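Take a look at the model shown here. This report walks through its parts one at a time.

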Amino acid sequence: MRKRIVAGNWKMNMTPSEAKKLVEELKPLINGNGDTEVVYCVPAIDIPIVSELVSGTGVSVGAENLYFEDKGAYTGEISAPMLVDAGVKYVIIGHSERREYFEESNIIINKKVKKALEHGLIPIICCGESLDQREQGITMDFIRQQIKVALLDISADAVKNLVIAYEPIWAIGTGKTATSDQAQEVCGAIRDLIKELYDEDTADAVRIQYGGSVNGGNAKELFSKPDIDGGLVGGASLKAEFADIVNA
Ligand code: PEP
């Protein structure tokens with residue numbers, strides 16, 4: 001039985017003082033020890049204050065990125081040991097914004113997944129097609145490639161514990177959500193791919209989220225689908241509405 005997981009992706013929003021206000025506002029609305037696991041993936045500078053505020057609430061803290069080396073001359077980067085020491089449990093890897101604006105390739109994403117796992121961080125690996133790819137009918141070819149490379153040399157045991165987020169690029173930040181049937185079709189195909197690459201137990205265990213304009217109104221329908229185990233939420237994670245999504 002997979003535990004549902006709803007993660008907020010704050011992106012480059014929220015100063016530490018704004019973060020404090022938001023987490024305090026969400027505190028009475030969200031039960032981090034309930035049926036759904038809750039994660040706030042926040043900018044690196046917000047990690048200390050958010051970790052302190054969620055301590056004892058059952059809510060986990062995630063990072064939005066990491067570098068694939070442990071330390072050294074990599075100005076501006078954040079390492080897995082730094083995240084672990086700061087109380088981080090999850091890390092988003094391969095978000096489409098990082099692929100697009102920071103030229104992250106599938107190979108770089110694979111290195112980051114390995115580094116996260118080496119240090120006990122749980123990766124939330126993002127994948128998803130563009131509108132052009134969907135219209136050309138190559139959605140699954142593209143996603144299969146993203147996932148196959150992201151998981152190169154990753155063991156079945158590690159895959160059982162990680163999270164894959166299906167996020168169609170055309171639905172991110174656009175207000176245009178995939179229908180629950182569209183989302184289920186791809187999430188189901190991702191689970192089939194995990195079965196093909198590993199085995200049935202691994203496919204049954206891996207958690208697959210949908211992301212792309214999830215809100216308080218559409219979450220329940222999306223999360224009712226058999227292969228959708230929760231959501232990765234951008235815009236709506238920055239307001240009290242996030243609690244409606246968790247409670248859906
Ligand atoms: C995201 O960035 O992961 C995302 C899903 O954003 P939004 O919910 O705003 O579409």
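Predicted model: local features only at pLDDT ≥ 70, side-chain atom pairs only at ≥ 80, totals over all residues.

## The barrel

Eight strands form a closed barrel in the order 1-2-3-4-5-6-7-8, and the pairing is parallel. On average, neighbouring strands of this sheet are turned by 25° against each other, direction ignored. As a general rule, strands of a sheet pair through backbone hydrogen bonds, either parallel or antiparallel.

Two of the pairings show the detail. Strand 1 covers residues 4–9, and six bridges join it to strand 2, running parallel. Within this pair, G8 stands opposite Y40 of strand 2. Strand 3 (residues 60–63) and strand 4 (residues 90–93) also pair in the parallel sense, over two bridges. Here G62 faces Y90 in strand 4. Helix 5 (residues 106–118) packs on the sheet and touches strand 4 and strand 5 (122–127). The direction of helix 5 makes about 175° with that of strand 4.

How many residues of strand 2 are buried? Seven of the seven are, so strand 2 is largely enclosed by the rest of the structure. Both of its faces are covered. One side holds T36, V38, Y40 and V42. The other holds E37, V39 and C41.

Helix 2 (residues 47–54) is also largely enclosed, because six of its eight residues are buried. These are I47, I49, V50, S51, L53 and V54. What do they pack against? Their partners are helix 1 (16–26), strand 2 (36–42), strand 3 and helix 3 (80–85). After helix 2 comes G56, with a positive phi near 85°.

Now pick out single residues. The table gives their relative accessibility.

| Residue | Relative accessibility | Class |
|---|---|---|
| N9 | 5% | buried |
| R191 | 5% | buried |
| S180 | 9% | buried |
| D204 | 42% | partly exposed |

Why does S180 count as buried? Its relative accessibility is 9%, and the cut-off for buried is under 20%. D204 counts as partly exposed because its value is 42%, while exposed would need over 50%.

N9 is found in strand 1. Its side chain joins that of H95 in a polar contact of 3.4 Å. Leaving aside neighbours within four places in sequence, N9 is in contact with C41, E64, I92, H95, L232, V233, G234 and S237.

S180 sits in helix 9 (residues 180–197). Its side chain makes a polar contact of 2.6 Å with the side chain of E221. Beyond four places in sequence, S180 is in contact with E221, L222, K225 and I228.

R191 also has its place in helix 9. Leaving aside neighbours within four places in sequence, the contacts of R191 are R2, A203, D204, V206, I208, D227 and D229. One of these is V206, which is 15 residues from R191 in sequence and 7.8 Å from R191 in space, C-alpha to C-alpha.

D204 is part of helix 10 (residues 200–205). Beyond four places in sequence, D204 is in contact with R2 and R191. D204 and E135 are 69 residues apart in sequence, and their C-alpha atoms are 30 Å apart in space.

## Around the ligand

Which residues come nearest to the ligand? Of the 14 residues around it, they are K11, E167, G173, S213 and G234.

A backbone N or O atom of G173 lies 2.6 Å from a ligand oxygen atom. For G234, a backbone N or O atom lies 2.8 Å from a ligand oxygen atom. How much of the ligand does the protein bury? Taken alone the ligand exposes 300 Å², and the protein buries 95% of that.

Two names link this site to the residues above.

Terms used. Residues numbered from 1 in each chain as written. Heavy atoms only, no water. Pairing = 2+ DSSP bridges. Helix = DSSP H or I, 4+ residues; strand = E, 2+ residues; numbered from the N terminus. Axes fitted to C-alpha atoms, helices over the stretch in contact; angles between N-to-C directions. Contact = heavy atoms within 4.5 Å. Buried < 20%, exposed > 50% of the residue type's maximum accessible area, 1.4 Å probe, protein only. Polar contact = N/O pair within 3.5 Å; in protein donor to acceptor, adjacent residues only side chain to side chain. Near = heavy atom within 4 Å. Areas by Shrake-Rupley, 256 points an atom, 1.4 Å probe, with all protein chains shown as cover.
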